[in-house]
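Please walk through this model with the coordinates open. The tour takes charged pairs, then helix packing, then the surface.

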Amino acid sequence: MSKKVQLNDKVSVTHHGGKSTVTGSCHELKIGNDALLVDCGLFQGEDAPSETLSALNIAFPIQHIAALVLTHSHIDHIGRLPWLLAAGFAGPIYCTKATAELVPLMLEDGLKLQLGFNRGQQLRIIELVRKRIRAIDYGCWFPIKSKVSGYLTYGRFSHAGHILGSAYVEFKLPNQEIVVFSGDLGPNDTPLLPDPVAPERADYLFIESTYGDSQHQDIASRSERLHSIIKRSLEDGGAIIIPAFSVGRTQELLFDIEQLIAKHQLDKRLPIILDSPLALRVTKSYRRFKKLWGSEARKRIDAQRHPLNFSQCVTVASYSQHRNIVNRLKASAEPAIIIAASGMCQGGRVMEYLKALLPDARTDVIFAGFQAKGTLGSEIQSGAKTVWIDEEPVNVNAQVHSLSGYSAHAGQDDLLRFIETIDAPIKQLHLIHGESDTKLALKEALERRGYRGMIVD
């Protein structure tokens, strides 16, 4: 259900998703009689209606929408874009250059999974999206035209540190006030991407709160914890399965595993299996956009290392090769590290690995990202002894681990730091993209720091 909040007498924001959920992000910024959308994402897990088509429908008026602005390419922020076009949206789509490259890849994968579109249908939709995209550099104010006359507003993208191409976006209102939508913010001190730096001013701040109630494990020590799991698993035998999002999490994991190989001389016979066609294509995009990498990543390049393209990494493209690997690991229980989508175990090739290897006590499953309620990943992470895959019961005898240090989302301290480093006073602070308990925890932390009275629910 959409929820409207008033910023001033001429400006409002209506949330069509992502207000009290962590999926389905879609926010309408209305200025006078014109409006723009920030993201148009897919509802997932418990957030999704029971009917698939209901999860995709655009259930709000769009005739006054002048443009769509995308913060990044995750499907919970772009997944309803084809249905927005089908509903009659004819405006431009603004995003960063890296996001412009990733959006078609993510949509192609999503269309295939959502409703089984054939190749021809996928390509036609993707081409329509490509034609609408306007790729913008970070740090540049760009005009967004009104549907009536003149300009609606000006926008600007800044690094969000979440995934490649991710951004928070500022909008300049006619009265020169600034509205900021955070998109998804990344944690500080990740080695692959630069840290998000808060804007100097945000009169109205809409900030995500996915992990507003918790702190992540220390990023500096996450690779050592990963190493300890790998070391023990190698002693026991069996495979390590890491369900991972194709954008962001996969690349962070590859980055750390390459470091473990260099530092600890992991057995060169241990295959690091990247089994996701989408993740493979996205990883190539990461390599093309090295200029967006953080300082630690650039140091490795200067040292002639290849953190996302090392020799022990085995990439799996064809489905027949994938099936052979699954069958071999099930029969032999030989050591291997498998990184496969989807990150919440809601489809993709990771499902067959889980079905084949969860019953084996020698298997380790590592969750390195958020598992939304209602997903298979959440069930396994919560300690379920039996889960259902392909309508069949599967016993869970594998050892299950959670590494929150790999989250692509800011933890509570990161969110507080982002807010507190905004120089100018904030008039309204809106907590979005979070479940009720996490938003409440972040709200209470903010009130203890003097933000009482400006937080709007």
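Asp-137 and Lys-97 form a salt bridge, with their closest N and O atoms 3.0 Å apart. This pair links distant parts of the chain, 40 residues apart. Asp-137 sits in the loop between strand E7 (133-136) and strand E8 (142-145). Lys-97 belongs to helix H4 (residues 97-115). Keep in mind that the model is predicted. Asp-137 has 38% relative accessibility, so it counts as partly exposed. Lys-97 has 40%, so it is partly exposed as well.

Now turn to another pair. Glu-252 and Arg-222 meet through their side chains in a salt bridge, 2.6 Å from N to O. Here, too, distant parts of the chain are linked. Glu-252 lies in helix H7 (residues 249-264), and Arg-222 lies in helix H6 (residues 219-236). The two residues are 30 residues apart. Are they buried or exposed? Glu-252 has a relative accessible area of 10%, so it is buried. Arg-222 is buried because its relative accessible area is 3%. The cut-off for buried is under 20%.

Next comes a pair with one end in a helix and the other in a loop. Lys-355 forms a salt bridge with Asp-390, and the closest N and O atoms are 3.5 Å apart. Lys-355 is in helix H11. Asp-390 is in the loop between strand E18 (386-389) and strand E19 (392-395). The pair is 35 residues apart and links distant parts of the chain. Lys-355 counts as partly exposed because its relative accessibility is 27%. Asp-390 reaches 53%, so it counts as exposed. The cut-off for exposed is over 50%.

Salt bridges also join into a network. It links Glu-177, Arg-201, Asp-203 and Lys-427. How many salt bridges does the model hold? The count comes to 24 salt bridges.

Helix H11 leads on to helix packing. Two packed helices are described by the angle between their axes and the distance between the axes. Helix H10 (residues 319-332) packs with helix H11 (residues 350-357) at an angle of about 20°. Their axes are 9 Å apart. That angle makes H10 roughly parallel to H11, because angles under 35 degrees count as roughly parallel. The crossing of H10 and H11 is right-handed.

Further along are helix H13 (residues 412-420) and helix H14 (residues 436-448). Their axes come within 11 Å and cross at roughly 50°. H13 is therefore oblique to H14. The crossing of H13 and H14 is right-handed.

Which residues make the nonpolar surface patch? Trp-141, Tyr-151 and Tyr-154 make it, and the patch is about 300 Å². Tyr-151 is placed in strand E9 (residues 151-159). Its relative accessible area is 48%, so Tyr-151 is partly exposed.

Where is Lys-290 found? Lys-290 is in the loop between helix H8 (277-288) and helix H9 (295-302). Its relative accessibility is 35%, so Lys-290 counts as partly exposed. Lys-290 and Ile-144 are 146 residues apart along the chain. Their C-alpha atoms are separated by 29 Å.

Note on methods. Residues are numbered from 1 along each chain as its sequence is written. This is a predicted model: local features need pLDDT of at least 70, side-chain atom pairs count only at pLDDT 80 or more; totals for chains, interfaces and linings use all residues. Side-chain values use heavy atoms; hydrogens and water are left out. Patches are made of residues with over 30% relative accessible area and no salt bridge: like charges are joined within 9 Å, nonpolar side chains (Val, Leu, Ile, Met, Phe, Trp, Tyr) within 5 Å. Accessible areas come from the Shrake-Rupley method with a 1.4 Å probe; for residues, only the protein chains shown count as cover. A salt bridge is a side-chain nitrogen of Lys or Arg within 4 Å of a carboxyl oxygen of Asp or Glu. Helices (H or I, at least four residues) and strands (E, at least two) are DSSP runs, numbered from the N terminus. Buried means under 20% relative accessible area, exposed over 50%, partly exposed in between (1.4 Å probe, protein chains only). Axes are lines fitted to C-alpha atoms, for helices over the stretch in contact, and angles run from 0 to 180 degrees between N-to-C directions. Angles under 35 degrees count as roughly parallel, over 145 as roughly antiparallel, 65 to 115 as roughly perpendicular and the rest as oblique. A crossing is left-handed if the near helix is turned anticlockwise from the far one by less than a right angle, and right-handed if clockwise.
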